[in-house]
Amino acid sequence: MLARRLRRRILANTPAFWERMDVLNISQNQLADLVGCSISHLSLVLNGKRSPSPKLRQRMQEVLEAGFAELFYVEEADE
């Protein structure tokens, strides 16, 4: 019997992002600029189509003044 492998992806908790952006009065375009990524890449991250790199996650947490558990979650799926 073959062991199942789990694939883990870290995804954005989009409602938490929008809430923090609202509190800090930051637009999606401004957030992209502040964290150093393109608007299109940020859109893919916020829509769950891309996982942010560790470096990008750290910058997002710093800019939005929030912790990992507030902004992100881990999705596990069978591979």
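Helices (DSSP runs of H or I with at least four residues) and strands (DSSP runs of E with at least two) are numbered from the N terminus. The structure is a predicted model, in which local features need a pLDDT of at least 70 and side-chain atom pairs count only at pLDDT 80 or more, while totals for chains, interfaces and linings use all residues. Residues are numbered from 1 along each chain as its sequence is written, and side-chain values use heavy atoms, with hydrogens and water left out.

## The chain as a whole

The chain contains five helices and two strands, and their order along the sequence is β-α-α-α-α-α-β. Along the principal axes, the C-alpha atoms fill a box of roughly 55 × 20 × 20 Å. Of the 79 residues in the chain, 29% are buried, where buried means under 20% relative accessible area, exposed means over 50%, and partly exposed covers the values in between (1.4 Å probe, protein chains only). If a contact is taken as heavy atoms within 4.5 Å, residues 24 or more positions apart account for 66% of the contacts with a separation of 6 or more.

## Salt bridges

Side chains of opposite charge can pair when their charged atoms come close. A salt bridge is counted here when a side-chain nitrogen of Lys or Arg lies within 4 Å of a carboxyl oxygen of Asp or Glu, and by this rule the count comes to three.

| Pair | N to O distance |
|---|---|
| Arg-8 and Glu-76 | 2.7 Å |
| Glu-75 and Arg-9 | 4.0 Å |
| Glu-65 and Arg-20 | 4.0 Å |

In the salt bridge of Arg-8 with Glu-76, Arg-8 belongs to strand β1 (residues 6–12) and Glu-76 to strand β2 (residues 72–78), so the pair ties together parts that are 68 residues apart in sequence. Arg-8 counts as exposed because its relative accessibility is 59%, whereas Glu-76, with a relative accessible area of 44%, is partly exposed.

The salt bridge between Glu-75 and Arg-9 also involves the two strands: Glu-75 lies in strand β2 and Arg-9 in strand β1, so parts that are 66 residues apart in sequence are tied together. Glu-75 is partly exposed at a relative accessible area of 29%, and Arg-9 is partly exposed at 21%.

In the salt bridge of Glu-65 and Arg-20, distant parts of the chain are linked, since Glu-65 sits in the loop between α4 (54–64) and α5 (68–71) and Arg-20 in helix α1 (residues 14–23), 45 residues apart. Arg-20 is buried, with a relative accessible area of 15%, while Glu-65 counts as exposed at 58% relative accessibility.

## Aromatic rings

A pair of aromatic rings is described by the distance of the centres and the angle of the planes. Rings of Phe, Tyr and Trp (its six-membered ring) form a pair if their centres lie within 6.5 Å, and planes under 30 degrees apart count as stacked, those over 60 as edge-to-face and the rest as tilted. The structure holds two such pairs. In one of them, the rings of Phe-17 and Phe-72 have centres 5.6 Å apart and planes at 75°, so the pair is edge-to-face. This pair links distant parts of the chain, with Phe-17 in helix α1 and Phe-72 in strand β2, 55 residues apart. Both Phe-17 and Phe-72 are buried, and together with Phe-68 they form one aromatic cluster.

## Individual residues

Gln-61, a residue of helix α4, counts as buried because its relative accessibility is 16%. Leaving aside residues up to four places away in sequence, Gln-61 touches Ala-66, Gly-67, Phe-68, Leu-71 and Phe-72. Pro-54 is also placed in helix α4, but Pro-54 is exposed, with a relative accessible area of 57%. Although Pro-54 and Leu-11 are 43 residues apart in sequence, they are 11 Å apart in space, C-alpha to C-alpha.

Asn-25 has a positive phi of about 55° although it is not a glycine, and Asn-25 counts as exposed at 68% relative accessibility. Glu-65, which is not a glycine either, has a positive phi near 50°.
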